[in-house]
Amino acid sequence: MSSVHDVVETYANMQKAARKTSPFLTKFEKTRALCIRAQQLANGALTTLENIPGSIRSVEDIAKEEFRQNKLPIIIRRLSPSGKHEDWPIAELTYIH
């Protein structure tokens, strides 16, 4: 059995009804997600963008464009003081700037 879980299985196992935290993305979560994604891209991960605009020149810009198009493949894990956690796909969170 592989230790790497299937993405579809991971999303299916997330309990949407039992979530207690708000569905809003904080500026700290956004910054961390963009940094992690830029690092993944720099290490050779494939982009989720179909057509990369010519003005994009860096992995940071690609990560920002993926965020703008709501295609950032990142899951936010929010920990509670009790030790439990909630997983939110970043596409399900609303960012208010």
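Biologist: Where do arginine 68 and glutamate 65 lie in the chain?

Modeller: Both residues lie in helix 3, three residues apart, which is about one turn of the helix. A helix here is a DSSP run of H or I of at least four residues, a strand is a run of E of at least two, and both are numbered from the N terminus. The model is predicted, so local features need pLDDT of at least 70 and side-chain atom pairs count only at pLDDT 80 or more, while totals for chains, interfaces and linings use all residues. Residues are numbered from 1 along each chain as its sequence is written, and side-chain values use heavy atoms, with hydrogens and water left out.

Biologist: Why is the pair of arginine 68 and glutamate 65 called a salt bridge?

Modeller: The closest N and O atoms of the two residues are 2.6 Å apart. A salt bridge is a side-chain nitrogen of Lys or Arg within 4 Å of a carboxyl oxygen of Asp or Glu, so the pair of arginine 68 and glutamate 65 qualifies.

Biologist: How many salt bridges does the whole structure hold?

Modeller: A search finds five. One of them joins the side chains of glutamate 92 and arginine 19, at 2.7 Å from N to O.

Biologist: Where in the chain do glutamate 92 and arginine 19 lie?

Modeller: Glutamate 92 is in the loop between strand 3 and strand 4, and arginine 19 is in the loop between helix 1 (7-13) and strand 1, so the pair links distant parts of the chain, 73 residues apart. Glutamate 92 has a relative accessible area of 30% and is therefore partly exposed. Arginine 19, at 15%, is therefore buried.

Biologist: What makes the pair of arginine 77 and aspartate 87 a link between parts of the chain?

Modeller: Their side chains meet in a salt bridge of 2.7 Å, N to O. Arginine 77 lies in strand 2 and aspartate 87 in strand 3, so the pair ties together parts that are 10 residues apart in sequence. Aspartate 87 is buried because its relative accessible area is 19%.

Biologist: How do you know that glutamate 86 has no salt bridge?

Modeller: Glutamate 86, in strand 3 (residues 85-89), is buried, and the nearest side chain of opposite charge, arginine 78, is 5.4 Å away. Charge is assigned by residue type: Lys and Arg count as positive, Asp and Glu as negative, and His and the chain ends are not counted.

Biologist: Which polar contact joins the side chain of glutamate 86 to another side chain?

Modeller: The partner is the side chain of threonine 21, at 2.5 Å. A polar contact is a pair of N or O atoms within 3.5 Å; within protein, one must be able to donate a hydrogen and the other to accept it, and residues adjacent in sequence count only if both atoms are side-chain atoms. The side chain of glutamate 86 also reaches the backbone nitrogen of lysine 20 at 2.4 Å.

Biologist: Why is arginine 78 called buried?

Modeller: Its relative accessibility is 11%, and arginine 78 therefore counts as buried. Arginine 78 is placed in strand 2. Its side chain makes a polar contact with the side chain of glutamate 29 (2.8 Å), and one of its polar side-chain atoms lies 2.6 Å from the backbone oxygen of phenylalanine 24.

Note on methods
Buried means under 20% relative accessible area, exposed over 50%, partly exposed in between (1.4 Å probe, protein chains only).
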